[in-house]
Amino acid sequence: MKVAVFSTKAYDRTFLEAANTQTKHELVFLEPRLNCETSVLATGCQAVCAFVNDELNAKTLSKLASLGIKLIALRSAGYNNVDLVKAGNLGLTVVRVPAYSPYAIAEHTIGLILALNRRIHRAYNRVREGNFSLEGLLGFDLHGKTVGIVGTGRIGTITSQIFQGFGCKVLAYDKAPQEDNQSLEYVAFPQLLAAADIVSLHCPLTAETHHLIDAKTIAQMKTGVMLINTSRGALIDTKAAIIGLKSGKIGYLGIDVYEQEGDLFFEDLSSVVIQDDLFERLLTFPNVLITGHQSFFTTDALTSIAETTLSNISDFEQGLVCSNQVTAGQN
Ligand code: NAD
């Protein structure tokens, strides 16, 4: 099948080409992000392959359908960037990679927590400048602390297991709890917020979870809480988080995703004046650690993403039912 691969980086090409030795699709690698204007680049293809910040809104999907595109193959787990209702109405099939390596994201979550707690990012810079002072680097033991996991799917469950290994008490909240999982202690969301020293977000971005963390829910948290988001940026109302950081209500913020990341992440903007004042304000806090949506970025995950994406495309081409299809109403 001829596939237009949007938002291609060198690493995408490497891993997709390696996996394609088995599937032998015709891959057209395109650097631009997919949106209504760039969709014309898919002319002559039957499928597009898209990533997290590609804009698969109604306008883009209509344009793609008019070009004869039949399949949207996401090389991500999240599909909040796709208007699934419109895709369904246009007869476009949407497939994704539901579980490439939940370990990659869970482990990066822990990395953010350890770095923030023990100020490893600050210590690294200090030591390189010959500053061996410990002032300002004071951390706390994770052992014995209470962690609130919001969303106990693949990533949330593994993150919980790692925290239990540290000797933390894990409280969980999910709108669809795993009834048979005895190792998770489910509580109501307000109860989790009130008890947790660390709140870690692992639910998808939906209409229901948009700004799940806002002024109201921040007010319900412990003073000095550590808030971690490796899921999707818009789970947190950034303005409310900044107010929480300024007041000290939020003691630490670790994020791998950001509400407006589409204008920033995955590009080298080091010579550009960044216009996003909220993002720039976040960077001024000593207790904020931001990574640019890199949780998924391990060789294991990229191999799995490439293999599953191409196998999803093969399933569609052969008219097979693909278990990785997503449709409106799923969450
Ligand atoms: P999953 O589908 O296995 O689990 C999601 C869980 O969230 C489910 O148990 C679901 O019931 C729960 N949930 C849904 N709506 C909820 C709500 N309103 N309140 C509470 N819980 C709710 O997904 P996963 O594989 O664990 O991934 C979780 C999220 O992580 C994805 O949706 C994606 O946005 C994000 N992600 C980020 C990266 C990254 O690189 N930063 C990579 C992969 C996934």
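Predicted model: local features only at pLDDT ≥ 70, side-chain atom pairs only at ≥ 80, totals over all residues.
**Entry 1**

Residues are numbered from 1 along each chain as its sequence is written, and side-chain values use heavy atoms, with hydrogens and water left out.

I then took the geometry. Helix α4 spans residues 102-118 and helix α6 residues 154-165. They pack at an angle of about 50°, with axes 8 Å apart. Axes are lines fitted to C-alpha atoms, for helices over the stretch in contact, and angles run from 0 to 180 degrees between N-to-C directions. Helices are DSSP runs of H or I with at least four residues, strands are runs of E with at least two, and both are numbered from the N terminus.

Next I listed the contact (heavy atoms within 4.5 Å). From α4, the residues include Pro102, Tyr103, Ile105 and Ile113. From α6, they include Arg154, Ile155, Ile162 and Phe163. By class I have 10 nonpolar, 2 polar and 2 charged residues. Nonpolar covers Ala, Val, Leu, Ile, Met, Phe, Trp, Tyr, Cys and Pro; charged covers Asp, Glu, Lys and Arg; the others, Gly among them, are polar.

**Entry 2: salt bridges**

I used this rule: a side-chain nitrogen of Lys or Arg within 4 Å of a carboxyl oxygen of Asp or Glu. The count comes to 7 salt bridges. I looked up some of them.

Lys9 pairs with Glu267 at 2.9 Å, N to O. Lys9 sits in the loop between β1 and α1, and Glu267 in the loop between β11 and α10, so the bridge ties parts 258 residues apart in sequence. Glu267 is partly exposed at 47% relative accessibility (buried is under 20%, exposed over 50%, partly exposed in between, with a 1.4 Å probe and protein chains only).

Glu55 bridges to Arg33, closest N and O atoms 3.5 Å apart. Glu55 is in the loop between β3 and α2, Arg33 in the loop between β2 and β3, so parts 22 residues apart are tied together. I read 36% relative accessible area for Glu55, partly exposed. Arg33 is partly exposed too, at 30%.

Glu208 meets Lys175 with the closest N and O atoms 3.3 Å apart. This pair links loops 33 residues apart: β9 to α8 for Glu208, β7 to β8 for Lys175. I found both Glu208 and Lys175 exposed.
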